[in-house]
Amino acid sequence: MNDEKAKNNKNSKEELAKEEKKEEFCPPQAPGKEKKEDYDALWGKYTRICADFANARKRWDREKEDLIKFSTSSLIRDLLIVLDESEQALKMVKEHGNIEEIIKGLEMAYNNFVNLLKKRGLTPIESIGRFFDPHLHEIVATREVDDNADKPMVLEEIQKGYMLEDKVLRPSKVIVGIKKQVTEDMEQKKEEKEQKVKDNNSQNKDNV
């Protein structure tokens, strides 16, 4: 009797364990209709945002191209005044040939052009009579001078330099005055360098 009871208890425990195992490994429920609708709505929103962003990016690219293309339109419009005056000067040359009138017309066109560039932030670099500044000047030649100045002085301007606001647009090409002693020192160093090269070449030949 006891054996039969124990057997029944064992069977009951096994059945209970099987039920618990079934519940444990029960596969997840398929998403319901509401979850699918939410997913579709989110996906549709995402695709619309992507499309809007792509269109906006194309619009930004077009605006950027237009900005670059027409960035100089204001300057060119102002330069048309200079162009008109130049055409008028050429017309006067062909019709009259009056030198004074031609010079007057050219001076007017030049002055208007300079004033226009000044309004745009362009200013000439002052060079002649100033100490040489490597940030503002470019040496194209030197000239010996009898001067007690410690720094080289700009003697002549070959090509005028310009600043655009606070930046150097083009340095001035200048002739700089150098004291005679400085020139002699430079020549001496040059000769010493050449002699050193000759000595090294002779030494190399002897070693060979």
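Tyr 46 is found in helix H2 (helices are DSSP runs of H or I with at least four residues, strands are runs of E with at least two, and both are numbered from the N terminus). The model is a predicted one, in which local features need pLDDT of at least 70 and side-chain atom pairs count only at pLDDT 80 or more, while totals for chains, interfaces and linings use all residues. Residues are numbered from 1 along each chain as its sequence is written, and side-chain values use heavy atoms, with hydrogens and water left out.

With a relative accessible area of 48%, Tyr 46 is partly exposed (buried is under 20%, exposed over 50%, partly exposed in between, with a 1.4 Å probe and protein chains only). Together with Tyr 39 and Trp 43, Tyr 46 makes a nonpolar surface patch of about 410 Å². Patch residues have over 30% relative accessible area and no salt bridge; like charges are joined within 9 Å, and nonpolar side chains (Val, Leu, Ile, Met, Phe, Trp, Tyr) within 5 Å.

Helix H2 spans residues 33-69, and Asp 61 lies in it too. Asp 61 counts as partly exposed, at 42% relative accessibility. On the surface, Asp 61 gathers with Glu 63, Glu 65 and Asp 66 in a patch of negative charge (Asp and Glu count as negative, Lys and Arg as positive, and His and the chain ends are not counted; a charge is placed at CG of Asp, CD of Glu, NZ of Lys or CZ of Arg).

The chain as a whole has five helices and six strands, in the sequence order α-α-α-α-β-β-β-β-β-β-α. Its accessible surface comes to about 18400 Å², with 54% belonging to carbon and sulfur atoms (Shrake-Rupley method, 1.4 Å probe; for residues, only the protein chains shown count as cover). Of the 208 residues, 13% count as buried. Among contacts with a separation of 6 or more, 61% join residues 24 or more positions apart (contact means heavy atoms within 4.5 Å).

Ser 127 lies in the loop between strand S1 (122-124) and strand S2 (137-145). Ser 127 counts as buried because its relative accessibility is 2%. Apart from neighbours within four places in sequence, Ser 127 is in contact with His 137, Val 154, Glu 157, Ser 172 and Val 174. Val 174 is 47 residues from Ser 127 in sequence, and the C-alpha atoms are 7.8 Å apart.

Glu 157, one of the contacts of Ser 127, also meets Lys 160 through its side chain in a salt bridge, at 3.4 Å from N to O (a salt bridge is a side-chain nitrogen of Lys or Arg within 4 Å of a carboxyl oxygen of Asp or Glu). Lys 160 is partly exposed at 34% relative accessibility. The structure holds two salt bridges. Arg 143 forms one with Glu 156, where the closest N and O atoms are 3.2 Å apart. Arg 143 lies in strand S2 and Glu 156 in strand S3 (residues 153-159), so this pair ties together parts 13 residues apart in sequence. Both partners count as partly exposed, Arg 143 at 40% relative accessibility and Glu 156 with a relative accessible area of 33%.

The phi of Glu 165 is near 60°, a positive value in a residue other than glycine. Glu 165 is exposed, with a relative accessible area of 56%.
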